Amino acid sequence: MVLKNLIDLLFILMVPGILGFIFILPFGMFNNTIGNVSVNGYEDVMNLPFFYWVAVIIGMFTYSMMLFALWFLKKSARFFMDNNLLKEPVSRNLNKSGLFFIITAVGAMGSYMAIWIASFDDSGVSLQYGSNLFIPLFLAIIGLFFKMVANTLTNARLLKEENDLTI
């Protein structure tokens, strides 16, 4: 019950984020914790580096993939409440959710790299050890875990069907 409610709450809180991309970017109020870019006017928005815009586009794509991952996880959570884990939609939705979490992890890493390239200058390379690297790694682990659970549930369902046929 708590798991389903938390998944629903996270999904509901993330949906307005898509609208944030649409309304915030055109008005020059984009603030990103990955790349520290100060925007004072429309000219500053137009003069942003190319790779910064690549990072923004990848970020929007990644955010959408995260919403899809949560949507499929939300669909699976309904079956958790009824304790029907061996249903075919559970494993299918967990598999899709895992795939979208992995795509989210790759997209987040791509966005971080594009921001790093956009902020690169001739003065040298500055690599920092921070939590930004842990987020894509954690998302990839979650995605692979969901794919593994989906595969286990599929195998369990097939074994159950086989045992039901032999009785």
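Biologist: To begin, which helix holds Arg 92 and Glu 88, and how many residues apart are they?

Modeller: Arg 92 and Glu 88 both lie in helix H4, which covers residues 88-118, and they are four residues apart, about one turn of the helix. Helices here are DSSP runs of H or I with at least four residues (strands are runs of E with at least two), numbered from the N terminus. Please keep in mind that this is a predicted model, where local features need pLDDT of at least 70, side-chain atom pairs count only at pLDDT 80 or more, and totals for chains, interfaces and linings use all residues. Residues are numbered from 1 along each chain as its sequence is written, and side-chain values use heavy atoms, leaving out hydrogens and water.

Biologist: What makes the contact of Arg 92 with Glu 88 a salt bridge?

Modeller: The term asks for a side-chain nitrogen of Lys or Arg within 4 Å of a carboxyl oxygen of Asp or Glu. The closest N and O atoms of Arg 92 and Glu 88 are 2.6 Å apart, so the pair qualifies.

Biologist: Why is Arg 92 called partly exposed?

Modeller: Buried means under 20% relative accessible area, exposed means over 50%, and partly exposed is in between (1.4 Å probe, protein chains only). Arg 92 has 36%, so it falls in between. Glu 88 also counts as partly exposed, at 36%.

Biologist: How do you know that Arg 157 and Glu 161 form a salt bridge?

Modeller: Their N to O distance is 3.9 Å, which is within the limit, so the pair counts. Both residues lie in helix H5 (residues 134-166), four residues apart. Arg 157 is buried at 14%, while Glu 161 is partly exposed at 41%. Elsewhere, salt bridges that share partners join Lys 4, Asp 8 and Lys 74 into one network.

Biologist: What makes Lys 4 and Asp 8 partners?

Modeller: Their closest N and O atoms are 2.8 Å apart, so they pass the distance test. They are four residues apart in helix H1, so about one helical turn separates them.

Biologist: Is Asp 8 buried or exposed?

Modeller: Asp 8 is buried, because its 14% is under the cut-off.

Biologist: And why is Val 2 called exposed?

Modeller: Val 2 has a relative accessible area of 58%, so it passes the mark for exposed. Val 2 is found in helix H1, residues 2-24.
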